[in-house]
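These are my notebook entries on one structure. I set down what I looked up, entry by entry.

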Amino acid sequence: MKLFQTLSTGLLILLVAQSAIAQHMNHNAMKAQPVQSEHSVYHMDASWTDHRGESFQLADLQGNPVVVVMFYGNCTQVCPILIRDARRVFEAVDESLRSEVNILAVTFDPENDTPEVLRNYAIKQDLNIPQWHFTTAKPADIRELAMLLGVQYAQKSDGHFSHSNLVTVLDERAELLTGWRD
């Protein structure tokens with residue numbers, strides 16, 4: 001029964017994710033790279049800190065579907081759309097299964113997006129809910145996760161970031177179910 005629920009949740013997320021692809025066709029962004037599927041994000045040794053100040057490893061999310069979005073809090077253009085899309089995916093999951101889905105929103109900007117800043121962001125977006133993890137880590141760990149997911153980003157001279165616009169859905173083993181990109 002648990003397997004069926006997990007598969008059903010994954011398929012529902014997949015359907016919602018695919019419907020969102022068309023809405024991102026007009027963005028100019030860095031092209032995403034192929035996903036490094038031979039390495040699972042759950043094998044990373046990095047320590048992550050969420051907007052609640054709680055430390056965890058990505059392997060702690062293992063066993064349930066995870067929607068991953070990379071963003072930065074000072075973005076006023078595409079990142080709010082990416083967060084909104086992740087929210088749409090989350091809200092499309094049947095309420096009885098929603099507690100099994102985690103949303104991992106990882107900042108590109110750990111210098112400015114401290115756990116406290118991320119907490120304020122989550123509150124402002126009305127997303128300070130248990131399944132959501134607005135997360136930061138060491139820059140090298142964020143870069144490694146981005147590489148595994150095929151996300152590219154670079155900080156510009158004005159402090160903002162150019163980046164791939166990618167929302168990734170991983171199954172309970174961190175295998176890619178889908179990702180949509182521009």
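**Entry 1**

I looked up Phe-71 and found its bridge partner in β4 to be Thr-107. The model is a predicted one, in which local features need pLDDT of at least 70 and side-chain atom pairs count only at pLDDT 80 or more, while totals for chains, interfaces and linings use all residues. Residues are numbered from 1 along each chain as its sequence is written, and side-chain values use heavy atoms, with hydrogens and water left out.

I noted that helices (H or I, at least four residues) and strands (E, at least two) are DSSP runs, numbered from the N terminus. Two strands pair if DSSP finds at least two bridges between them. Strand β3 covers residues 66-71, and six bridges join β3 to the parallel strand β4 (residues 102-107). With α2 between them in the name of the unit, β3, α2 and β4 make a right-handed β-α-β unit. Right-handed here means that, with the strands pointing away from the viewer, the path from the first strand over the helix to the second runs clockwise.

I then turned to strand β8 (residues 166-170), which pairs with β3 in the antiparallel sense over four bridges. Val-66 stands opposite Leu-170 of β8, and Val-69 has Val-167 as its bridge partner there.

**Entry 1: Burial of the strands**

Five of the five residues of β8 are buried, so β8 is largely enclosed by the rest of the structure. Leu-166, Thr-168 and Leu-170 point one way from β8, and Val-167 and Val-169 the other way.

I also checked Glu-100, which lies in the loop between α2 and β4. Glu-100 counts as buried because its relative accessibility is 13%. From C-alpha to C-alpha, Glu-100 and Glu-172 are 9.8 Å apart in space, and they are 72 residues apart in sequence.

**Entry 2: Aromatic rings**

Rings of Phe, Tyr and Trp (its six-membered ring) pair if their centres lie within 6.5 Å; planes under 30 degrees apart count as stacked, over 60 as edge-to-face and the rest as tilted. By this rule I have nine aromatic pairs. Why is the pair of Phe-90 and Trp-132 edge-to-face? The ring centres of Phe-90 and Trp-132 are 6.1 Å apart and the planes stand at 80°, so the pair is edge-to-face. Phe-90 belongs to helix α2 (residues 79-92) and Trp-132 to strand β5 (residues 132-136), 42 residues apart, and the pair links distant parts of the chain. Phe-90 and Trp-132 are both buried.

The rings of Tyr-153 and Phe-161 have centres 6.3 Å apart and planes at 55°, so this pair is tilted. Tyr-153 and Phe-161 are buried too. Ring pairs also link Phe-71, Phe-90, Tyr-121, Trp-132 and Phe-134 into a cluster.

**Entry 3: Charges over rings**

A charge sits over a ring if NZ of Lys or CZ of Arg is within 6 Å of the ring centre and within 35 degrees of the ring normal. The charged end of Arg-98 sits over the ring of Phe-90, 5.7 Å from its centre. The charged end of Arg-143 sits over the ring of Tyr-153, 3.7 Å from its centre.

Methods:
Buried means under 20% relative accessible area, exposed over 50%, partly exposed in between (1.4 Å probe, protein chains only).
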